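I begin with the structure itself and then set down what I looked up.

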Amino acid sequence: MKLFDSLFEKRTRQLAQCSSRRGLLKSLGGLLVGGAAIPLLPVARAAAAEGAARPLEEGDPNSCDYWRYCAVDGFLCGCCGGSMNTCPPGTEMSPITWIGTCHNPVDGRHYVISYNDCCGKSSCGACLCVRDEGDRPPYRPDKANDISWCLGTRSAAYHCTTAVLVGVAFEE
Amino acid sequence: MRPLFFTLGLMLAGTAATADDDVRRAHYNYQMFCQGCHTPDGSGAGDVPRLKGQVGVFLNSQAGQEFLVRVPGAATSALDNEQLAELLNWIVREFAGASIPANWRPYSGREVGALRKQPLKEVIRYRGQILADIARARH
């Protein structure tokens, strides 16, 4: 036991003589600050680039007052076996769609939303949502949501509507 | 000398930011007014004409260059003349690919403003005629 005591005492004294407490603080501090800054740079930039078109989310995607549904006129696919981005099984997403912008209250930005209808089955009947913001009369057909957008699909039977995020709106 | 370089650098950065804004605005206008039917990559769907790799063919004749402005979707769009010209030029540069003629002259707001006053009432037959004329001139 005595051998251990003397060995450790010797090593501790040696260490104390060869290093300073400030030196330890300096290197430890350098490590903490440097370590925090260096890996953050590229990661933070990558995250910022990715987040450019990714909105901060809040709210229930199966509820009509969810922000992406600002111009919907139809049944929400999330209540029909699909989601806000996907069609329910047995239906086909129309490649032809009407597009508008919605304001996201969480991050305060406007996003371009594509309302792709899901087609091929009769009306879903669940979660009817009629908000119509930005809806225009049929003489502006590209901005009218009263028409069935089941165009370019094998069947023209309307089932439900998705709200696919296309990008961030351009603001001057 | 150094402040001069600094000023030049700032000026260049300013120009680049404006050009970048123009591209972003044109892309946004494409999303808002065209993409719903012509699809995000210009492939078209069903009866909607394909822009990708095709739209530049029209620029081989004066009637074709005018046609792209006079089609109802362009001529009667809610965009002003400058932004419509910017959008049409963006569509050509983005989607025409190899179909763009070497001597193509980009649209100006003034040119677009004059042409959109004569929107086409009949499109499909006239379109076929323009493409046939271009094909004949090539052979």
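**Entry 1**

A salt bridge is a side-chain nitrogen of Lys or Arg within 4 Å of a carboxyl oxygen of Asp or Glu. I note that the model is predicted, that local features need pLDDT of at least 70 and side-chain atom pairs 80 or more, while totals for chains, interfaces and linings use all residues. Residues are numbered from 1 along each chain as written, chains are lettered from A and ligands numbered from 1 in the order written, and side-chain values use heavy atoms, without hydrogens and water.

I placed Phe4(A) in helix α1 (residues 2-18) of chain A; helices (H or I, at least four residues) and strands (E, at least two) are DSSP runs, numbered from the N terminus. Phe4(A) counts as exposed because its relative accessibility is 51%; the classes are buried under 20%, exposed over 50% and partly exposed in between (1.4 Å probe, protein chains only).

**Entry 2: chain B as a whole**

I counted seven helices and zero strands in chain B. Of its 139 residues, 41% are buried. I recorded an accessible surface of about 8200 Å² for chain B, with 59% belonging to carbon and sulfur atoms; areas come from the Shrake-Rupley method with a 1.4 Å probe, and for residues only the protein chains shown count as cover.

I then took up helix α3 (residues 62-70) of chain B, where the buried residues include Phe67(B), Leu68(B) and Val69(B). The buried residues of α3(B) pack against α4 (72-75), α5 (81-95), α6 (109-115) and α7 (124-138) of chain B.

**Entry 3: where the chains meet**

I found that 15 residues from chain A and 15 residues from chain B take part in the contact, meaning heavy atoms within 4.5 Å. Ile96(A), Ile99(A) and Phe170(A) supply 42% of the area that chain A buries against chain B, more than any other three residues. The area buried between the two chains is about 1300 Å², and carbon and sulfur atoms give 64% of it; buried area is the accessible area (1.4 Å probe) that two parts lose on being put together, summed over both.

Between chain A and chain B I counted zero salt bridges and one residue pair in polar contact, both at pLDDT 80 or more. A polar contact is a pair of N or O atoms within 3.5 Å; within protein, one must be able to donate a hydrogen and the other to accept it, and residues adjacent in sequence count only if both atoms are side-chain atoms.

Arg25(B) counts as buried because its relative accessibility is 15%. Residues up to four places away aside, Arg25(B) touches Phe170(A), Glu172(A), Gln83(B) and Glu86(B).

**Entry 4: Ser94(A)**

I located Ser94(A) in the loop between β2 (92-93) and β3 of chain A. At 0% relative accessibility, Ser94(A) is buried. A polar atom of its side chain lies 2.7 Å from the backbone oxygen of Ile96(A).
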